[in-house]
Amino acid sequence: MTVSDLRQKLTDQLKVKYEVDMEVRDKIFVNPQDVTDYYNKHTGDFARKPMVNLQSVFVSFGKHSKQEAQTLADEARSRLIAGEDFDKIFQKYSDGSSVGEIEQGQMVDAVENVVFSLKLDEVSDPVEVENGIYVFKAIGISPGKQQTLPEVKDQIYNKLLDDQFQVKFKDWVDKLRQKAYVELK
């Protein structure tokens with residue numbers, strides 16, 4: 001593609017965007033009351049679930065027997081409780097990456113029950129899962145909360161605007177197709 005071809009392509013794209021903006025987007029209006037009504041009808045969609053930021057050590061059954069994995073997990077837990085540096089313990093014992101921040105509902109029930117009952121800086125007992133054993137330490141806790149209308153009004157406005165745009169754009173394209181005259185030979 002040459003520079004002049006690229007320039008022409010960009011010009012054509014800008015013309016199309018301008019036409020769509022003039023014929024469709026500029027004719028859309030989202031009433032503030034519609035935003036409020038949408039929020040009131042969908043308040044459950046704007047509830048933040050509780051979250052926990054975790055450091056974790058994972059001892060795999062693939063590299064160790066169940067008994068060895070349990071022993072290593074217990075050692076790692078004891079050292080974490082004693083206040084040793086997490087990074088050193090992680091490098092020595094862990095066979096996987098640290099979990100990080102999770103939202104309630106993302107993990108299996110056995111793990112979730114443990115991690116969401118932890119207090120800040122508390123270390124869990126070893127938790128056995130299908131392929132290994134985890135030891136968790138809670139380094140951050142965010143309780144769930146309902147987001148307020150001012151917090152989400154822009155998000156709702158954009159959704160309503162996009163919904164209206166999709167409908168009006170389809171109608172506009174359908175009208176153009178009806179007006180178009182195409183002769184096939």
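Contact here means heavy atoms within 4.5 Å. The views below show a predicted model.

**View 1. What covers the buried residues of helix α2.** Helix α2 spans residues 32-41, and its buried residues are V35, Y38 and Y39. Looking down the axis of α2, these buried residues fall within an arc of 100°, so they line one face of the helix. Among the elements that cover them are β6 (145-146) and α6. N40 and K41 are on the other side of α2, where they are exposed.

**View 2. Helix α1 crosses helix α6.** Helix α1 is formed by residues 3-23 and helix α6 by residues 149-179. Their axes come within 10 Å and cross at roughly 105°. Angles of 65 to 115 degrees count as roughly perpendicular, and α1 and α6 are therefore roughly perpendicular to each other.

**View 3. The residues where α1 meets α6.**

**View 4. Residue D5 in helix α1.** Is D5 buried or exposed, or does it fall in between? Buried means under 20% relative accessible area and exposed means over 50%. D5 has a relative accessibility of 41%, so D5 counts as partly exposed. D5 and V108 are 103 residues apart along the chain, and their C-alpha atoms are separated by 55 Å.

**View 5. An open sheet of 4 strands.** In which order do the strands of the sheet lie? The order is β3-β2-β5-β4, and the pairing is antiparallel. Strands β3 (100-103) and β4 (127-129) are the edge strands, since each pairs on one side only. On average, neighbouring strands of this sheet are turned by 45° against each other, direction ignored. Strands of a sheet pair through backbone hydrogen bonds, either parallel or antiparallel.

**View 6. The pairing of strands β2 and β5.** Strand β2 covers residues 51-60 and strand β5 covers residues 132-142. How many bridges join β2 to β5? There are 10 bridges between the two strands, which run antiparallel. One place to look is V52, which stands opposite I141 in β5.

How values were computed
Residues are numbered from 1 along each chain as its sequence is written. This is a predicted model: local features need pLDDT of at least 70, side-chain atom pairs count only at pLDDT 80 or more; totals for chains, interfaces and linings use all residues. Side-chain values use heavy atoms; hydrogens and water are left out. Axes are lines fitted to C-alpha atoms, for helices over the stretch in contact, and angles run from 0 to 180 degrees between N-to-C directions. Angles under 35 degrees count as roughly parallel, over 145 as roughly antiparallel, 65 to 115 as roughly perpendicular and the rest as oblique. Buried means under 20% relative accessible area, exposed over 50%, partly exposed in between (1.4 Å probe, protein chains only). Two strands pair if DSSP finds at least two bridges between them. The arc is that of the directions from the helix axis to the C-beta atoms.
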